[in-house]
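Please read this briefing with the sequence and the model side by side. It starts with terms, then goes through the topics one by one.

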Amino acid sequence: MTEPTLPADPAALAAALESTGYLPDEGLATAAYLALVMHRPLFLEGEAGVGKTALARALAEVTKRPIYRLQCYEGLEASHALYDWDFGRQLLHLRAAEAAGAAERAEELEASLYDRRFLLARPLLQALEDSPSVLLIDEVDRADDEFEAFLLEVLSDFTISIPELGTVRAQTPPLVVLTSNRTREVHDALKRRCLYHWLEHPDFEREVAILRRRLPDVTEELARQVARATARLRELDLLKPPGVAEAMDWATALHALGARELDPDTAARTLGAVLKYREDTDRVHALARGALFGGG
Amino acid sequence: MAAEEGQRRDVVTTVLGFARTLRHAGVDASPDRVEAMLAAVAHLDVLDATAVYWSGRLTLCASPDDLDRYDAGFAAYFGGEAPRARRPSGAEEQRVAQSAPLQTGEGSQEGGEPTELATQASGEEVLRHRDVAELTVAERDQLRRLFALLVPASPMRASRRRSPSAHGSIHQARTVRRALRDGGEITRLVHHRARPRPRRVVLLIDVSGSMSPYADALLRFAHAAVRARPASTEVFTIGTRLTRVTRELRLRDPDKALAASGSAIPDWSGGTRIGEVLKAFLDRWGQRGTARGAVVVVCSDGWERGGPELLGEQMARLARLAHAVVWVNPHKGRAGYEPLTGGMVAALPSIDCFVAGHSLAAFEELAGVITRA
C-alpha cells in the first residue's frame, strides 16, 4: 500500500487536521506529528469530552489510513483484541471434508482447519495486517493490568504471533492512539513506550472556532455565547464539567429549538444537553442563572 | 559535518542537563525517556524553544501532576522561555493547582518543613498509641507482628474473564480442538465459566488530631491490606487534605512503609474537614473509577470541623458509587458510645456497616466485614 506523504512539520499537520474540522492546538499537533514520524504510540489523557477519540479519527482522515478501534473494558481478553478462530466454519469445513470422503490424514485436515480464512481478525491484528493504519485503543484505563502487560508486548515490536499460522508483522507500524480518562493509574512501563499528552479543554476562541466549524448552521453569536457559558460552567466545580462534545450538543439543541441566542430561559430548558448530573443541574439553577448565561 | 557533530553534542549535553534539573523537580526523566526526547528534538527544530518545550513535555512527563513541575523546570533551565501561557487559564488551571497539594511529593517550596513535622509526628503517634491501648513495649512489638500477619482477604466479584470449569458456557476453541483429536466428532463439550476477581478495597484513613491515637494501627492495617492485594487496594489519608499513600505502603517492611507514608502525609494531627476531603477524593479518584463497585472503608471518629451537610452529601454520593461503605470508628469500641457527633449523624444514613477499630480483635472483625462485603 502506498502511503501518501506525511505532513512535513507540526504546523502542516495542524493545517491538515483543521481541514477535516479538528482544530488542535500547538502541543497536540506536535504530539500527533511526533507520533507519526517517531512511530511511537500517543497516550492521550484528559477529562471526558476534550476530543481524544476524535483526534484519532481526524488523524485517520488526514493520513488516509483505515482506523481500527479497540474499546477497552475490564476483563478484556486477547481473543477479543487480537484474533479468534471461527469455530462454526471450522466445524462445517470438517463435516464437508468428511462428506467428500477426502482421505486426508489427520494432520493435513487439522492444518486446513487453521487456515487464514477461518481466522477472525480483531482490532489489533486488523491494524497490523492493514498497516499503515490508525489504531485507536480507547479508554485503556478500563482494561485490567494483565491486558496492559499484553498490550506492552504488542506495541513494542508491532508483531503478533499466531501459533497455528506464524507471525504477523506490520510493514509500517500503525499510528497508535491510546486514550485514558484517568480512572486508574496506567502502568508506567506502558506510558514509557508512548508520547504522553494531557489534553485540556480548548480555550474560548478555539472552542468558538470548533463550534463554528462543526455546526455551520449555528450563528456566530450563539456559538460565542455557548462557548462562554460552557467555560463558566467549567469553573463551577461540577461533578462532570462539560467538554467540547457537550458544548456541541448544547449548541445543536439550541439551534434545533430555533434559538438565535442564549437567554436564561432557553438555557434552563436545554441544560440537559450540557449537564449530566442532577446535583450539577440543581447547583446551576441555584446560582443566579442570569449571571451565568445572560448578556453577551 | 564537524559543525553538525558539534551541534549534536551540544543538544545532548543541554538535554541531559535539563533532564537532571527535572529529576530534581520530581519528574521521572529516566534515561529511556531522555533518549526519546533527543529523538523527538531531532524531528523538530532544535533552535525553536516551543519545539524543545513540547518534545520534552511529550516524552518526559507521565501524568498531569508532572506538568507543573515540568513547566517550572523548563523556565528555570531555559530561562523562562516556556510557552507557559499556552495552557488555558481559568477552571482547568485552578483545578491543577488545587489538586497538586493533594499528591505526594509535591514541589520543593512547601515540601521541607511539613515533612519534618510529619516524621516527628509519626514517632509521636506510636507513643500515643501505646498510651491509649495501655501496652508495654513488648506487647507493642508483639502487636506489630500480629498486624503483619493480619491478612484481610478481598471480597470477590464476578468478572468477564473465564476459566475452565465442569459447568458453565461452552468453550468453543477447546471443544473443537478436542473434537479434532477424535477425528472431528464432538464427543464432549468443554465448558468454562466466569472467574471471580478480587473487588477493589479503598481505605480512607483520618489522620487528624482526634484520631492520632489510632492512626498508627489503622495504617498498619492498611499496610497489611495493601501487601495482601497490591493491585486492588488503595489507601488515602484524610485530614485537612487528601493524600494517596498506596505507593508508600507497598514497601514490604511495615515500619519503612509507615515511615514513608508518614513523610508523605502533610497534615498529621491537624484538623478534620472530612466533607471537603471526601469531596476531593470523589472528584479526583472516586467518581473516575476508584470507588466504583469498591468496598470503601472510612476510618474516622466523625469529628467534623466543616459543616455536616457537606459530609452527608458526599457520603450519599459515595454510597451511590461504592459497592459497600464501611465506617470504622475507634470510639465505637467504648461502652456507652453513641454516634452523636454532627459528622457521624450526617454520615450514618449512607453507611452499610458501622464497626469499631480500637483493638486487634476489632481489626480482625473489620477484615471479616470487608471480606463479606
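A residue is called buried when its relative accessible area is under 20%, exposed when that area is over 50%, and partly exposed in between, with a 1.4 Å probe and protein chains only. By that rule B:Asn329 counts as buried, because its relative accessibility is 0%.

This is a predicted model, in which local features need pLDDT of at least 70 and side-chain atom pairs count only at pLDDT 80 or more, while totals for chains, interfaces and linings use all residues. Residues are numbered from 1 along each chain as its sequence is written, chains are lettered from A and ligands numbered from 1 in the order in which they are written, and side-chain values use heavy atoms, with hydrogens and water left out.

**Around B:Asn329**

- B:Asn329 sits in the loop of chain B that runs between β10 (324–328) and α14 (342–347). Helices (H or I, at least four residues) and strands (E, at least two) are DSSP runs, numbered from the N terminus.
- Leaving aside residues up to four places away in sequence, B:Asn329 is in contact with several residues, including B:Tyr337, B:Met344 and B:Phe354. Contact means heavy atoms within 4.5 Å.
- The B:Asn329 side chain also reaches the backbone oxygen of B:Asp301, at 3.5 Å.

**Chain B as a whole**

- Chain B has 373 residues, of which 51% are buried.
- The chain contains 15 helices and eleven strands.
- Among contacts in chain B with a separation of 6 or more, 71% are between residues 24 or more positions apart.
- Chain B is split into domain 1 (11–79), domain 2 (161–196) and domain 3 (201–372); such bounds come from an automatic or database domain assignment.
- The centres of domain 1 and domain 2 of chain B, taken over C-alpha atoms, are separated by 52 Å.

**Chain A**

- Chain A is divided into domain 1 (10–82 + 122–199), domain 2 (86–116) and domain 3 (204–290).
- In chain A, 37 Å lies between the C-alpha centres of domain 1 and domain 2.
- A:His201 is in the loop between β9 and α10 (204–214) of chain A. A:His201 counts as buried because its relative accessible area is 5%.
- The side chains of A:His201 and A:Arg234 are joined by a polar contact of 3.5 Å. A polar contact is a pair of N or O atoms within 3.5 Å; within protein, one must be able to donate a hydrogen and the other to accept it, and residues adjacent in sequence count only if both atoms are side-chain atoms.

**Where chain A meets chain B**

- In total, 53 residues of chain A are in contact with 56 residues of chain B.
- The area buried between the two chains is about 4,800 Å², and carbon and sulfur atoms give 51% of it. Buried area is the accessible area (1.4 Å probe) that two parts lose on being put together, summed over both.
- Five residue pairs, both at pLDDT 80 or more, are in polar contact between chain A and chain B.
- On the chain A side, the elements that each supply at least two residues are α2 (26–38), α5 (87–99), α6 (106–113), α8 (145–157), α9 (188–192) and β9 (195–198). The largest share, eight residues, comes from α2(A).
- The residues on that side of chain A divide into 22 nonpolar, eight polar and 23 charged. Here Ala, Val, Leu, Ile, Met, Phe, Trp, Tyr, Cys and Pro count as nonpolar, Asp, Glu, Lys and Arg as charged, and the others, Gly among them, as polar.

**Salt bridges**

- A salt bridge is a side-chain nitrogen of Lys or Arg within 4 Å of a carboxyl oxygen of Asp or Glu.
- B:Asp32 forms a salt bridge with A:Arg192, with the closest N and O atoms 2.9 Å apart.
- A:Asp188 and B:Arg33 meet in another salt bridge, at 3.4 Å from N to O. This pair crosses from helix α9 of chain A to helix α2 (residues 31–43) of chain B.
- A:Asp188 is partly exposed at 27% relative accessibility, whereas B:Arg33 is buried at 3%.
- B:Arg33 also forms a salt bridge with B:Asp28, at 3.5 Å from N to O. B:Asp28 is partly exposed, with a relative accessible area of 39%.
- A:Asp188, A:Arg192, B:Asp28, B:Asp32 and B:Arg33 are linked in a network of salt bridges.
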